[in-house]
Amino acid sequence: MEKKKFTDDFLRFLSNSPTAFQATYQIKETLVNNGFILLKETDKWNLIKGNKYFIIRNDSSIIAFVMGEKIPTETGYKMIGAHTDSPSLKLKPDTEKKDKSYIKIGVEVYGGPIIHTWLDKELSIAGRVAVKTKQGIESKLFDYKKHIAIIPNAAIHMNRELNKGFEYNKQTHLPAILSISDKEIKNGLVKEIIAEKLDISIEDIYDYDLFLYDPTPARLVGHNDELIVSGRLDDLAMSHATLNALIEADAPESTIMGIFYDNEEIGSQTRQGANSSFLKDLLLRINCLFNGNMEDYAISIGKSFLISADMAHAYHPSYVEKHDPAYAPEINKGPVIKMSANYKYATTAETSAYFENLCHKAEVPFQKMINKSDLPSGSTIGPMSSARLSIKTVDIGNAMWAMHSIRETGGIEDQVYIYKVFREFFQ
Ligand code: ZN
């Protein structure tokens, strides 16, 4: 894809994916438009070599694959895994309360956001709603899009210590103000808003998974538009690159897969997370449909390779003490291979070499990251996928600043680089 078109598409993808539910929907739409067929886990399947398929769990995780010309026992699978969720604040259903004339709603902290970045920001609400229909219970996407909520700070005069480091109380300081009104709230303001937006009656709303988010669109920043600033770059950036490389792959020999997991930010221990049987169920099923036995399955797994794609911390010129100077990747200098002696990342010398080789073939530079030895490391889906499935894995990602802030910053050149490497991998 030409660079301008690719950049515009990436910005649109980020802006239109306020939660994992919308991200999954966007991925689904792109897949359908590119000839991928939706399979239900509850149906019988008939897979055909060369055809393209995808499955969805919980409306928030998706695995898409192109059946190779050869069966997996011959070639193994080539897989890239990323995640659809980002840290945020989740609405506690039906907790609207009036305090004087202020209508406020409680939130739970989802994952590990930089909390102060969520205050004094004009916020909107998105996610999905469980609705009563003639067919039973249906899940409907919801995105209010407009600004509706604010979590105001206390004035500096009331909290003189704020700039010396202040810990927000998650229960008392984070409820969001939705309105000021002298009217009584009967059914809950959020349900009223949902009913109006989805054009349904309040009585038909059961429950919801709704999150606050910053509706400011993603945009390019910097003298040469070299930076990209957006919410949820972690890990929608890798999801977008994976998706685009996958849809462009043409009749691959091996079966190729893009895996987009929900719930990485809370440890992946859900039915649709990386620590579930979602991927393994699919691999066993494909093996079975091509008449493989357990030995064939073991052979196909032994021949497979997984790129675990999640963002990395870029060298930050104002926090140089946070980096190992020998392993501090820069923005727009190419994908980052993440390594850890204690396997917080799944990369081994062998899998790192494989990825380096892909970068050489794609004519893309690469960098390496090891966390500073006296700082605890983060982790990602790589180690658990590798251990759960016994698949050789490399952990990589693009360098960025302010991971888990409401606005994160990365590099647009890096996005093009990683997409080229993923395309090389899938070909
Ligand atoms: Zn991530």
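I take buried area as the accessible area (1.4 Å probe) that two parts lose on being put together, summed over both. My model is predicted, so I ask for pLDDT of at least 70 for local features and 80 or more for side-chain atom pairs, while totals for chains, interfaces and linings use all residues. Residues are numbered from 1 along each chain as its sequence is written, and side-chain values use heavy atoms, with hydrogens and water left out.

**Domains.** I looked up the division first: domain 1 covers 3–86 + 231–426 and domain 2 covers 89–213, with bounds from an automatic or database domain assignment. I find their C-alpha centres 31 Å apart. Contact (heavy atoms within 4.5 Å) involves 20 residues of domain 1 and 19 residues of domain 2.

**Interface.** Between domain 1 and domain 2 I read a buried area of about 1,500 Å², with 64% from carbon and sulfur atoms. On the domain 1 side, Phe21, His404 and Ile406 lose the most area to domain 2, together 38% of what that side buries. I then checked for salt bridges (a side-chain nitrogen of Lys or Arg within 4 Å of a carboxyl oxygen of Asp or Glu), and the count between the domains is one.
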